[in-house]
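Thank you all for coming; I would like to walk you through one structure this morning, slowly and term by term.

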Amino acid sequence: MTRGFGWHEFLYVLHGLGWTLVLSAIAMSTGGIGGLIIALARLSRVRLPRLLASGYILLLQGTPVLMQLFLAFYGLAVLSGVQMDPWPAVIVAFTLYAAAFLGEIWHAAADAVPRSQWEAARALGLHHAVILLRIIAPQAVRLAIPPTVGFLVQLVKSTAVASIIGFVELTRAGQLMVNVTFRPMEIFPLIALLYFAVCWPISLLASWLERRLETGQRPVGRTLI
Amino acid sequence: MDYVFQFGVVWDHCDELLDGAWLTLRLSVGGFLIGLTLAGLIAYLREVGPRPVRFGLGTYIEFIRNTPLLVQLFVLYFSLPMLGIRLDADIAALVGLTLNFAAYGAEILRGGMLSIPYGHIEAARALGLSRWRTFRHVILLPSLRVAFPALSSQFVLLMLGSSVVSAISATDLTAVTNTLQSTTFRAFEFYFAATGIYLSMALAARLLLALAYVRLFPAAGRGAQ
């Protein structure tokens with residue numbers, strides 16, 4: 001006996017969308033703190049933190065987010081000795097994932113501030129922390145905003161893999177509704193549309209910011225031939 | 001924590017893991033090559049095609065870039081059979097990765113094409129080259145020089161992202177790892193090993209593509225645009 005896809009099923013899917021947004025928001029905030037630490041470590045004048053931060057980024061950007069999720073899930077299970085619910089694993093994995101990408105983006109932004117700014121500040125005898133905070137950060141923020149907003153899209157999309165370890169967000173909610181209604185034809189395209197409805201405006205915002213803050217090298221679109 | 005790690009069992013199943021890695025490699029390289037060809041075609045049609053075609057392709061690109069690969073695969077594998085299009089899991093995975101790469105690739109190629117000085121195109125037109133020859137020799141091939149690094153990164157992202165094809169039962173590295181961990185109960189060890197294999201593949205791909213870049217575009221012409 002299968003159910004039809006009605007209002008209740010639609011509400012269940014929307015509920016899943018809510019969890020996708022909550023998870024993305026948490027990962028963006030905790031990952032933002034982590035990313036700040038990674039970026040600062042990469043800008044350090046001491047060799048060891050720089051190496052550690054680069055290694056961290058290499059590892060996290062060189063492996064699938066799904067594997068990171070499995071490792072967090074089973075790693076936490078090993079540490080605590082019990083099989084747990086997916087929540088802590090999902091939070092840990094997406095925080096570490098977002099920290100790597102945001103750390104890389106923000107380090108690149110600080111690095112793109114003209115060398116002469118660093119040199120002039122140093123020649124004035126300013127402390128490293130003051131240089132970062134008062135000279136570099138205000139200029140780097142401008143460069144960092146468009147790619148940071150762009151990363152948010154990547155993050156929202158990547159949370160779909162949380163469905164694979166049983167976390168009920170948008171994709172998993174869709175799968176569960178397909179299981180009870182057997183209407184994959186309608187439901188999966190609907191799930192895709194809902195992701196699109198969230199991600200597309202953020203993408204548009206990112207490219208608008210890029211044009212507005214003139215950070216990209218892309219000239220205004222024109223046809224070539 | 002009284003868990004004892006046992007990596008011996010992973011070593012015993014080395015062959016199966018490598019079989020999975022081989023499919024991951026074939027899917028990613030296949031998706032890359034076919035996807036890149038499609039991307040070239042899309043980039044061309046977006047320049048010369050009639051308005052509805054350009055609009056359609058633009059929508060396609062935005063839709064792919066703003067929805068998760070996992071959901072795209074679900075639509076291909078679970079929704080299409082309702083229309084009578086039944087794809088084998090491995091084939092659906094290849095089609096999904098190809099269509100995904102085509103969208104990102106087309107956008108990267110377009111970015112590269114915008115770096116071509118307009119004078120070159122006018123010169124080609126003045127010499128009486130056809131639109132297709134102008135596109136091929138004056139726009140597409142020279143713009144690969146600019147687009148190559150971004151295409152390389154996108155290939156690595158595709159390879160790592162391909163781990164989600166396990167969710168539609170394609171037998172890639174992740175799927176093989178899932179099966180092995182469920183029969184041996186050594187989840188952490190197997191995912192750790194699989195993560196290591198993905199990392200090696202990603203690093204090897206980056207190295208090879210960097211070598212190819214130096215080889216294909218000798219330093220003389222690089223940089224000075």
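How many residues of chain A are in contact with residues of chain B? Before I answer, please keep in mind that this is a predicted model, in which local features need pLDDT of at least 70 and side-chain atom pairs count only at pLDDT 80 or more, while totals for chains, interfaces and linings use all residues. Residues are numbered from 1 along each chain as its sequence is written, and chains are lettered from A and ligands numbered from 1 in the order in which they are written.

Now the answer: 36 residues of chain A are in contact with 41 residues of chain B, where contact means that the C-beta atoms of two residues, placed from the backbone, lie within 7 Å. On the side of chain A that touches chain B, the elements giving two or more residues are α3 (65–80), α6, α7 and α8 of chain A, and α8(A) gives the most, with eleven residues. These names follow DSSP runs numbered from the N terminus, with helices being H or I over at least four residues and strands being E over at least two.

Let me stay with that helix. Helix α8 of chain A covers residues 184–212, which is 29 residues, and reaches 41 Å from its first C-alpha to its last, close to the 42 Å expected at 1.5 Å a residue; the expected span is 1.5 Å times one less than the number of residues. There is a kink of about 30° at A:Ala197, shortly before the proline A:Pro201, and the bend at a residue is the angle between axes fitted to the seven residues ending there and the seven starting there.

Which residues of α8(A) are buried? They are A:Pro184, A:Ile187, A:Phe188, A:Ile191, A:Ala192, A:Leu194, A:Tyr195 and A:Cys199, and buried means that 20 or more other C-beta atoms lie within 10 Å of the residue's own, with 12 or fewer counting as exposed and anything in between as partly exposed, the C-beta atoms being placed from the backbone. These buried residues pack against α1 (7–42), α6 (128–158) and α7 (170–181) of chain A, together with α4 (69–79) of chain B.

Next, the packing of α7(A) and α8(A): their axes are 9 Å apart, at an angle of about 165°. Because of that angle, α7(A) is roughly antiparallel to α8(A). Here axes are lines fitted to C-alpha atoms, for helices over the stretch in contact, and angles run from 0 to 180 degrees between N-to-C directions; under 35 degrees counts as roughly parallel, over 145 as roughly antiparallel, 65 to 115 as roughly perpendicular and the rest as oblique. Among the residues that make this contact are A:Gly174 and A:Met177 of α7(A) and A:Phe188 and A:Ile191 of α8(A).

In the loop between α7 and α8 of chain A sits A:Phe182, which has a positive phi of about 50° although it is not a glycine. Most residues other than glycine have a negative phi. A:Phe182 counts as partly exposed because it has 14 C-beta neighbours inside 10 Å.

Finally, chain B has nine helices and zero strands, and of its 225 residues 40% count as buried. Along its principal axes, the C-alpha trace of chain B spans about 75 × 50 × 30 Å.
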